Amino acid sequence: MLILGIETSCDETAAAVVENGRRILSNTVASQVEMHARYGGVVPEVASRQHILQILPVVSQALKQAEVTLDQLHAVAVTHGPGLAGALLVGVNLAKALAFAKGIPLYGINHLEGHIYAAWLQGDDPESSPGFPLLCLVASGGHTDLVLMERHGAYSLLGRTRDDAAGESFDKAARTLGLGYPGGPAIQRAAQGVTPGERLPRAWMAGSLDFSFSGLKTALLHKAQSHGLTPRSAGEAMGAGDVASREPLVKDLAAAFQESVVDVLVSKTLDAARRTGANGIILGGGVTANTLLRERMRASSGGLPVMIPPPALCVDNAAMIAACAYFHSRHHPVAGWDLDIMPSLGLG
Ligand code: KG4
Ligand code: ZN
């Protein structure tokens, strides 16, 4: 079964062709990062406009790379939420048009569920090894969710962030430190090889599987200010002179910040896995591209299988949307032509 996946929920215009939910024939992403970097974050109207400009070339390229024609497709899958309304509309409308024109099924996919299904795109099939139930951490720019996946399509939400998402906190911390956008990769680069001297707090939320990252963000800001590092305007990069004098402190604070976030994510994920008796752990979402998080999770799981997609499949892509639709097709009816965007869609 060949499924065309389309993803336009935020700032990546993406299309992919996936065979039987697991074999990637193509996975094309046109990033808008440079476009938004000058504003220090995603500007929704700019994102919608870029999706409109890029979606047709991206879909054409995905089909070409896969050596598949529209007539050979068995279904079209598209992210219909959560995400930016105007951005989601571009993908959903194109997916409807393609499915209608070709007379094939249309699937509306939850972006967060898509992040989980990236784990099906490499290695063993998690359904057979280690098997359900699986504990999933989805950590992206807008969400930090711990969910128990009992079987395909069945999720219970165990914990979520009460304020900032983990990715959002990386983005804000990078801005405080003058490291630019997107913050996750920038913090990771700055923290590379640094053992932090500073220590920043962790919000453990005793007894709960919820997260909170806004206190950490404020603690970082105060620490930076106390050292004479002031927050910079959106998108401003450090000048060459600045970099030399501030570099050791910025690196140290970046490393301390990364340590705090990773520590909480790893501890709570393991706690949730123990409490639920899950057979394994799946990580998904842009934050799970973080090297320290990947290493720590693997090193601390005590033998519990940990499945983490390669970084390119952790960040937004359309292969995960096509993969999800394949398994989704077994337990959900196809979407009608009235499929609508759901900007606030959740999991479980
Ligand atoms: O899943 P994603 O690509 O898009 C959303 O669905 O939001 O996640 C984007 C988020 C951003 O906040 C970005 O800073 C973060 O993931 N991110 C990282 C890394 N790469 C991306 N955070 C930490 N370390 C990384 N290496
Ligand atoms: Zn995402």
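This is a predicted model: local features need pLDDT of at least 70, side-chain atom pairs count only at pLDDT 80 or more; totals for chains, interfaces and linings use all residues.
Residues are numbered from 1 along each chain as its sequence is written, ligands are numbered from 1 in the order in which they are written, and side-chain values use heavy atoms, with hydrogens and water left out.

**Exercise 1.** Describe how helix H5 packs against helix H6.

*Solution.* Begin with the axes (lines fitted to C-alpha atoms over the stretch in contact, with angles from 0 to 180 degrees between N-to-C directions): those of H5 (residues 166-176) and H6 (residues 183-191) are 7 Å apart, at an angle of about 60°. H5 is therefore oblique to H6, oblique being what remains once angles under 35 degrees (roughly parallel), over 145 (roughly antiparallel) and 65 to 115 (roughly perpendicular) are set aside. Next, list the contacts (heavy atoms within 4.5 Å): Phe170, Asp171, Ala173 and Ala174 in H5 meet Gly183, Gly184 and Ile187 in H6.

**Exercise 2.** Identify the protein donors of the zinc ion (ligand 2) and locate them in the chain.

*Solution.* Taking donors as N, O and S atoms within 2.8 Å of the metal (3.2 Å for Na, K and Ca), one finds His111 (NE2), His115 (NE2) and Asp316 (OD), lying 2.0 to 2.1 Å from the zinc ion. Their spacing in sequence is H-x3-H-x200-D. Because His111 lies in helix H4 (residues 111-117) and Asp316 in the loop between helices H10 (311-314) and H11 (319-331), the pair ties together parts that are 205 residues apart in sequence. Finally, both His111 and Asp316 are buried, that is, under 20% relative accessible area with a 1.4 Å probe and protein chains only, where exposed means over 50% and partly exposed in between.

Definitions and conventions: Helices (H or I, at least four residues) and strands (E, at least two) are DSSP runs, numbered from the N terminus.
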